[in-house]
Amino acid sequence: FFITSKVDSLFHQRIKAVKLRWTQAWRRMNKKGKVDESAKKRTRKAAKFQKAIVGMSLDDIKKKKAMKPELRQQAKETAAKEAKARQTKTKAAPKAKSGAAVAKGKAEKPKLPGGKKASGGGGKNEALKSKR
């Protein structure tokens, strides 16, 4: 049922047409011929656009971008100073209470002998023991 005895012989030797350079199959696999369709497919480049983010509108973002770097740096430094001042205030307030709170915290958790945990989870073996 083969076209030629050459093709018949190659088929029975289990030689694939793709491996033979003179076959159409090889030419198709290696992109030979068809010169007129040699132009590569063009890929589109994604267009950039800005979206508003949570806590900041698009106008705010554009204003920030338009600001000069020196002004932006100054604003950043002032914001950092304010945050630091806030932190020092919050740290100073709890220090007076912290001594009493630490003593209470230690007294609340009793330790069990043998290094066992206070939670009564048990696990698989504990459940089996209780059934017996």
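This note goes through the predicted model of one protein chain, point by point.

1. Basis of the note. The structure is a predicted model, in which local features need pLDDT of at least 70, side-chain atom pairs count only at pLDDT 80 or more, and totals for chains, interfaces and linings use all residues. Residues are numbered from 1 along each chain as its sequence is written, and side-chain values use heavy atoms, with hydrogens and water left out.

2. Confidence. The mean pLDDT (the predictor's confidence in each residue, from 0 to 100) of the protein chain is 79, with 67% of its residues at 70 or more. Among the elements, helix α1 (residues 5-12) has the highest mean, 96, while helix α5 (residues 124-131) has the lowest, 65.

3. Overall make-up. The protein chain has five helices and zero strands, where helices (H or I, at least four residues) and strands (E, at least two) are DSSP runs numbered from the N terminus. Of the 132 residues, 4% are buried, a class that means under 20% relative accessible area, against over 50% for exposed and in between for partly exposed (1.4 Å probe, protein chains only). Among contacts (heavy atoms within 4.5 Å) between residues at least 6 apart in sequence, 0% join residues at least 24 apart.

4. Leu 20. This residue is placed in the loop between α1 and α2 (24-29), and, leaving aside residues up to four places away in sequence, Leu 20 touches Leu 10, Ile 15 and Trp 26. The C-alpha atoms of Leu 20 and Leu 10 are separated by 9.9 Å, the two residues being 10 apart along the chain.

5. Aromatic rings. The count comes to one aromatic pair, by a rule under which rings of Phe, Tyr and Trp (its six-membered ring) pair if their centres lie within 6.5 Å, planes under 30 degrees apart being stacked, over 60 edge-to-face and the rest tilted. The rings of Phe 2 and Phe 11 have centres 5.0 Å apart and planes at 40°, so the pair is tilted. Phe 2 is partly exposed, with a relative accessible area of 36%.

6. Positive phi. Most residues other than glycine have a negative phi. Arg 14, although not a glycine, has a positive phi of about 60°; Arg 14 lies in the loop between α1 and α2 and is exposed, at 77% relative accessible area. Lys 31, in the loop between α2 and α3 (58-66), has a positive phi near 55° and counts as exposed at 76% relative accessibility.
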